[in-house]
Amino acid sequence: MGNHEKSKLTIIEVTTELLKEYNGDTKRITSRLIAKRAGIGLGSINYFFGSKENLITECIQRIIHNILTSFTPEITDPAKEDGLSDQDRLLSWASQTFDFLFENQAIAKISILNDMQSYSTGSNSVYTQKGFALAIKSSQSEAAKKLLVFILVSSLQTAFLAKDAAKELLGYDLYHKTERDLFIRDTVTLLFRGMDRREDYTDEI
């Protein structure tokens, strides 16, 4: 690894540590603080990342991705028989993911908004969709699975961003765990009902 790569990695590592230290409060993490902690010149941040905002975004995306990668749902092996229906399995995984968003609100918000602005197949949103798809073991078509998990992840993200108005808009107080679980249950139930009807409609065609 060259000096440039080492310097860039050091900046990322230091910024990631500061994000965790300040609980995602990006306003308290200044370029000067990052440079001092990393032992680099202030201009290096703009040189490598263009701006402090770009650096923060990259670090947060890495944090979220690493957490999602290591995230262990109740069912650790998707291929193993667990006695759960697809609906119950997806309900469990989605509930844990939704809780994660509320436990890490600052970095989750930045990650979601960044994905929405630059949606790609490598984004954390798509990574989450692929993870949820593993919960559906039935003979549903791949297209149907992709549509279901896309809608589910999009619903979770939008509800999270609208959490302050969710009680008025949706009837759920998402700051309370029981209400979040109810929202997840109702959403997943509606999606599976729609999936069944979609399959019936496809068969007719």
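In this predicted model, the axes of helix α5 (residues 86–103) and helix α8 (residues 142–161) come within 11 Å and cross at roughly 30 degrees. Angles under 35 degrees count as roughly parallel, and α5 and α8 are therefore roughly parallel to each other. Their crossing is right-handed. On the α5 side the contact is made by L90, A94, F98, L101 and F102, and on the α8 side by L148, L152, L156, A159 and F160. Sorted by class, the residues of this contact are 10 nonpolar, no polar and no charged.

The axes of helix α7 (residues 124–133) and α8 come within 9 Å, and they cross at roughly 125 degrees. That angle makes α7 oblique to α8. The crossing of α7 with α8 is right-handed. From α7, the residues S125, T128, Q129, F132 and A133 take part, and they meet V149, F150, L152, V153, L156 and Q157 in α8. The contact of α7 with α8 has 7 nonpolar, 4 polar and no charged residues.

Which residues does F132 touch, leaving aside its neighbours within four places in sequence? The contacts of F132 are L90, W93, A94, T97, V149, L152, V153 and L156. Of these, L90 and A94 belong to the α5 side of the contact between α5 and α8, while V149, L152, V153 and L156 belong to the α8 side of the contact between α7 and α8.

The next step is to look at the nonpolar core. The largest nonpolar core has 49 residues, and those with the most contacts inside it are F98 and F132. The elements that give two or more residues to this core are α1 (3–21), α2 (31–38), α3 (43–49), α4 (52–70), α5, α6 (105–117), α8 and α10 (177–204). Which element gives the most to this core? It is α8, with 8 residues. F98 is one of the α5 residues that make the contact with α8, and F132 is one of the α7 residues that meet α8.

A144 has its place in helix α8. Buried means under 20% relative accessible area, and A144, with a relative accessible area of 1%, is therefore buried. A144 and M195 are 51 residues apart in sequence, yet their C-alpha atoms are 7.1 Å apart in space.

The other residue is D99, which is found in helix α5. Is D99 buried or exposed? At 10% relative accessibility, D99 counts as buried. Leaving aside its neighbours within four places in sequence, D99 is in contact with K177 and R180.

The chain as a whole can now be described. Its secondary structure comes to 10 helices and 0 strands. Read from the N terminus on, the elements run α-α-α-α-α-α-α-α-α-α. How much of the chain is buried? Buried residues make up 40% of the 205 residues. Among the contacts in the chain with a separation of 6 or more, residues 24 or more positions apart account for 65%.

How values were computed: Residues numbered from 1 in each chain as written. Predicted model: local features only at pLDDT ≥ 70, side-chain atom pairs only at ≥ 80, totals over all residues. Heavy atoms only, no water. Axes fitted to C-alpha atoms, helices over the stretch in contact; angles between N-to-C directions. Helix = DSSP H or I, 4+ residues; strand = E, 2+ residues; numbered from the N terminus. Parallel < 35°, antiparallel > 145°, perpendicular 65-115°, else oblique. Left-handed = near helix turned anticlockwise from the far one by under 90°. Contact = heavy atoms within 4.5 Å. Nonpolar A, V, L, I, M, F, W, Y, C, P; charged D, E, K, R; others polar. Core = buried A, V, L, I, M, F, W, Y, C linked by side-chain atoms within 4.5 Å. Buried < 20%, exposed > 50% of the residue type's maximum accessible area, 1.4 Å probe, protein only.
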